[in-house]
Amino acid sequence: MADQAMSAPVPADPKALVRPPRPRAPGDPRVLAARVAAVVILAAIYETLSRSGLFYQGIIPSLVDIAAELVELLTSTEFYGHLAVTVFEVVCGVLLGGLVGLTLGINLAASRRAGDVLHPIFLWIAPTPKIVFLPIIMLLFGLDIEAKVAKASVSAFFPVFVASFAGARQVRPVLLNVMASLNASRAQTVRHVYLPAMTPVVIGAVRLALGVAIVGTLLAEIKMANAGLGFLIIQSYNFFRIPEMYAVLAITFTLALAANAGLDRLAERLRR
Amino acid sequence: MTLRPASRRAQNRLATWGVILALGVALQVMVETGALSRYVVSPPTEALGSLGELFVEDRLAQVFLLTLGMTFVAAACAIAVGVPLGLLLARVELLRRSFESWLGAAFSAPLVLLYPLFLVILGRGLGTLIVMGALVGIAPIALKTIEGARSIPPVLENVARSMNMTQGQRLRLLVIPAALPSVFAGVRIALIYILINIVAIDFLVSLGGLGSLVAATYDRYDMPAMYGSILFVILTSIAFFTLIEAGERWLTRR
């Protein structure tokens with residue numbers, strides 16, 4: 001069960017994932033000092049490289065330039081338009097792919113025969129590079145926002161399906177037998193047995209889905225978009241506005257890590 | 001039902017292949033009857049048929065070996081960084097408590113998005129693929145190394161101390177053997193991520209591997225070849241993961 005909380009951009013199967021370290025060793029000043037020291041040292045090395053003249057002008061922009069670009073981005077209204085597009089695509093993708101994955105996962109797990117027969121197919125495809133489906137998605141949905149939502153959904157589907165199936169198969173048979181003896185319908189069993197037992201699993205799966213949906217959406221935006229954070233990244237690359245590229249990447253990573261940490265905290269609370 | 005579990009499993013596996021075959025046939029019929037447009041979906045027979053052409057005209061074998069080779073080179077780099085890093089963090093408690101969670105964060109971060117940055121620094125070449133591959137592989141390997149190196153039973157630690165082992169002896173005779181199964185698991189996870197990321201970057205930047213092939217067949221609007229190459233990527237990655245898993249089982253059994 002603990003496996004499900006693990007974080008991964010593209011999960012293969014639940015047991016293949018790495019357990020996240022216990023979060024927050026609270027309040028040790030030496031830990032804080034070590035972290036601050038690491039940040040300062042890394043920043044110093046980076047800035048030295050940037051100013052060393054070892055690289056072509058502008059390839060490794062100074063932190064000062066990046067910070068200036070960051071401020072400019074965060075105070076421009078245009079940026080928030082792109083951000084909104086990406087957030088919309090990711091959220092739609094996680095909801096759509098996640099709901100389909102959850103429904104299919106629980107239902108296949110509940111019916112022993114169909115589950116045993118069909119589960120391997122999904123398990124095989126789960127760890128493959130989902131980017132290769134992008135051409136098919138572009139043929140089916142065009143190049144607009146629908147295509148990016150579709151890509152995010154496909155990415156989000158697999159971790160949620162795999163985790164839901166594994167989680168549902170771990171529900172205690174006693175409870176299922178009780179429901180069966182009560183003549184409960186499948187919907188009632190899902191509502192009263194599966195979902196309550198699986199809440200931490202589902203939250204963990206959503207966290208995985210969010211990670212892969214972010215990557216899926218941004219890569220799709222890089223390939224074909226005219227809006228979104230991925231578009232900003234590739235546009236600043238194409239026009240060689242390198243500090244802007246660093247700034248967009250910094251914002252993207254901050255948001256992704258914050259979303260991940262938020263869901264992690266939620267899962268932790270629900271598990272207690 | 002009085003089937004023995006083994007034959008039940010075999011029966012299920014047979015049914016799985018039956019389902020895949022049925023899906024293929026259904027797709028074929030739908031395209032042939034015009035229910036699905038030929039311009040969107042290629043009939044499975046044509047997609048499979050295109051594989052021969054891909055081997056000859058698009059040098060599929062070479063393309064495949066390039067992707068596989070890059071994956072292994074990147075994995076070797078990730079091991080070379082990840083294992084010593086993991087051992088260091090497992091050894092020095094303050095470092096572990098300070099930075100293990102950073103590794104976890106790196107593992108869940110969308111690292112693949114950093115590829116334009118390395119395109120700028122290293123140029124549009126295989127170096128970028130290797131660095132990006134190694135980058136995504138380091139965190140899982142280091143995390144699993146820490147886990148393994150910290151799983152040594154206290155009894156053995158005490159024995160090592162009572163025998164006055166040097167640091168080198170402790171590492172060679174105690175820590176590494178104890179960490180190895182866990183390190184293998186980390187390498188397996190890393191290989192999966194590295195392959196996925198290399199295919200993804202190659203798809204976007206066209207550096208001559210499997211990802212470029214899928215992108216190229218889409219760009220020239222060659223439907224059978226596009227579906228054929230997508231199928232090929234799916235099948236090879238399934239084969240790749242199956243072999244790695246088997247390899248890991250074989251290594252950890254000894």
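These legends walk you through several close-up views of a predicted model.

Figure 1. Welcome to chain B, whose secondary structure amounts to ten helices and zero strands. Following the sequence, the pattern reads α-α-α-α-α-α-α-α-α-α. Along the principal axes, the C-alpha atoms of this chain fill a box of roughly 80 × 65 × 30 Å. The radius of gyration of chain B is 23 Å, whereas a compact globule of 254 residues would have one near 18 Å. Of the 254 residues in chain B, 43% count as buried. Among its contacts with a separation of 6 or more, 74% link residues 24 or more positions apart.

**Figure 2. Where chain B meets chain A.** Here 52 residues from chain A and 47 residues from chain B make up the contact. On the side of chain B that touches chain A, helices H1 (5-32), H4 (93-108), H5 (115-122), H6 (126-149), H8, H9 (210-219) and H10 (223-253) each supply at least two residues. H4(B) gives the largest share of this side, ten residues. Sorted by class, the side of chain B has 36 nonpolar, eight polar and three charged residues.

**Figure 3. Inside the largest nonpolar core.** This core holds 138 residues, and those touching the most other members are Ala209(A), Val199(B) and Val214(B). Helix H8 (residues 167-205) of chain B brings the largest share of the core, 20 residues. Take a closer look at Val214(B): leaving aside residues up to four places away in sequence, Val214(B) touches Val132(A) and Pro135(A) from chain A, along with Phe203(B), Met226(B), Ser229(B), Ile230(B) and Val233(B) from chain B.

**Figure 4. Pro43(B), a buried loop residue.** You will find Pro43(B) in the loop between H1 and helix H2 (44-57) of chain B. Pro43(B) counts as buried because 20 other C-beta atoms lie within 10 Å. Not counting residues up to four places away in sequence, Pro43(B) touches Gln28(B), Val31(B) and Glu32(B). As for Ser212(B), 169 residues apart from Pro43(B) along the chain, the two C-alpha atoms are separated by 22 Å.

**Figure 5. Confidence along chain A.** Chain A has a mean pLDDT of 84, with 90% of its residues at 70 or more. Of the elements of this chain, helix H3 (residues 77-110) has the highest mean pLDDT (92) and helix H7 (residues 173-181) the lowest (83). Over residues 1-18 of chain A, pLDDT stays under 50, and the model has 64 contacts beyond four places in sequence for that stretch.

Technical notes:
Residues numbered from 1 in each chain as written. Chains lettered and ligands numbered in written order. Predicted model: local features only at pLDDT ≥ 70, side-chain atom pairs only at ≥ 80, totals over all residues. Core = buried A, V, L, I, M, F, W, Y, C linked by C-beta atoms within 7 Å. Buried ≥ 20, exposed ≤ 12 C-beta atoms within 10 Å, placed from the backbone. Helix = DSSP H or I, 4+ residues; strand = E, 2+ residues; numbered from the N terminus. Contact = placed C-beta atoms within 7 Å. pLDDT = per-residue confidence, 0-100. Nonpolar A, V, L, I, M, F, W, Y, C, P; charged D, E, K, R; others polar. Rg over C-alpha atoms; globule rule 2.2 N^0.38 Å.
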